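Me: I've got a fold open and want to talk it through with you. Shall we start with the strands and work inwards?

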Amino acid sequence: KSIVTDVIVIGGGTAGATAAIEARNFGVDVVLVDKGRLGFSGSSCTSDGETSAVFSTDDSPEQYLDEAFHGGEGVSIRKLTETLIYESKQAVEKLSIYGVPYAKTSSGDLDSYRELGMSHPRTPKVLGGGPAFMLALRKEVMHREVKVFENVMVHELLIGQNNVPCGCLCIDIQTGEHVVFNAKAIVLAAGSATRMFPYSTANFLTKGDG
């Protein structure tokens with residue numbers, strides 16, 4: 001079985017779902033491949049579904065950045081940490097539009113709390129936690145008409161001219177059928193590797209395949 005598309009997204013957690021949604025904003029054909037069920041197979045659905053950002057006027061991204069580096073004991077990659085902090089508020093606003101059920105205060109503001117190492121409340125609560133968070137993203141992915149292939153596991157990337165990835169080889173876990181995807185771009189959002197640890201609250205499927 002061979003399928004041709006513009007963009008392949010490998011993984012169906014927060015990163016994969018939002019990448020597929022953003023790609024569809026450009027009007028391209030998008031395929032999302034998940035070895036489980038979209039929104040239920042990764043670490044995201046077993047998390048709290050919360051994204052920290054600077055919301056109050058007496059706080060600042062610079063202060064958050066200083067605290068992040070201090071808490072990270074100097075091992076944080078500066079460019080990635082800056083991107084995380086400076087773009088996090090915009091990300092929360094987008095997630096809210098996508099239907100993520102953030103808790104609100106009586107005044108209509110996001111109901112946020114302070115996590116370890118934070119001097120200000122920066123983490124808005126999600127009503128229903130990770131499952132509700134991912135259900136909202138799953139609905140948005142379907143609404144955007146992303147072609148979703150569930151229970152399909154990617155086991156090898158295809159490399160084309162100039163060593164540029166041009167697709168992937170997969171297997172349908174339920175039927176054993178082999179599937180070949182060809183695309184102009186690949187987004188690798190295959191998740192973490194929580195199964196490496198003896199104890200984890202994450203989904204057992206997060207084995208670090210990517």
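Me: How many bridges join strand E8 to strand E9?
Reply: Strand E8 covers residues 165-172 and strand E9 covers residues 178-182; strands here are DSSP runs of E, at least two residues long, and helices are runs of H or I of at least four, numbered from the N terminus. Two strands pair if DSSP finds at least two bridges between them. E8 and E9 run antiparallel, and the bridges joining them number 5.

Me: Before we go on, what kind of model is this?
Reply: Numbering starts from 1 along each chain as its sequence is written, and side-chain values use heavy atoms, with hydrogens and water left out. Local features need pLDDT of at least 70 and side-chain atom pairs count only at pLDDT 80 or more, while totals for chains, interfaces and linings use all residues, as the model is predicted.

Me: Which strands are at the edges of the sheet?
Reply: The open sheet has 4 strands in the order E1-E9-E8-E7, with mixed pairing. From one strand to the next, the twist averages 25 degrees, using axes that are lines fitted to C-alpha atoms (for helices over the stretch in contact) and angles from 0 to 180 degrees between N-to-C directions. Pairing on one side only, the edge strands are E1 (2-4) and E7 (152-159).

Me: Is Cys 168 buried or exposed?
Reply: The scale goes like this: buried is under 20% relative accessible area, exposed is over 50%, and partly exposed is in between (1.4 Å probe, protein chains only). Cys 168 has a relative accessible area of 0%, so Cys 168 is buried.

Me: Why do the buried residues of H4 line one face of the helix?
Reply: Those buried residues are Ser 88, Val 92 and Leu 95. What covers them includes H1, H3 (78-86), E5 (123-124) and H5, with contact meaning heavy atoms within 4.5 Å. The arc is taken from the directions from the helix axis to the C-beta atoms. They line one face because, seen down the axis of H4, they fall within an arc of 60 degrees.

Me: Where is Glu 145, and what is its phi?
Reply: Glu 145 sits in the loop between H5 and E6 (147-150). Its relative accessible area is 60%, so Glu 145 counts as exposed. Although Glu 145 is not a glycine, its phi is positive, at about 60 degrees.

Me: What separates the C-alpha atoms of Gly 71 and Gly 117?
Reply: Gly 71 lies in H2 (residues 61-71) and is exposed, with a relative accessible area of 57%. Gly 71 and Gly 117 are 46 residues apart along the chain, and their C-alpha atoms are separated by 6.4 Å.
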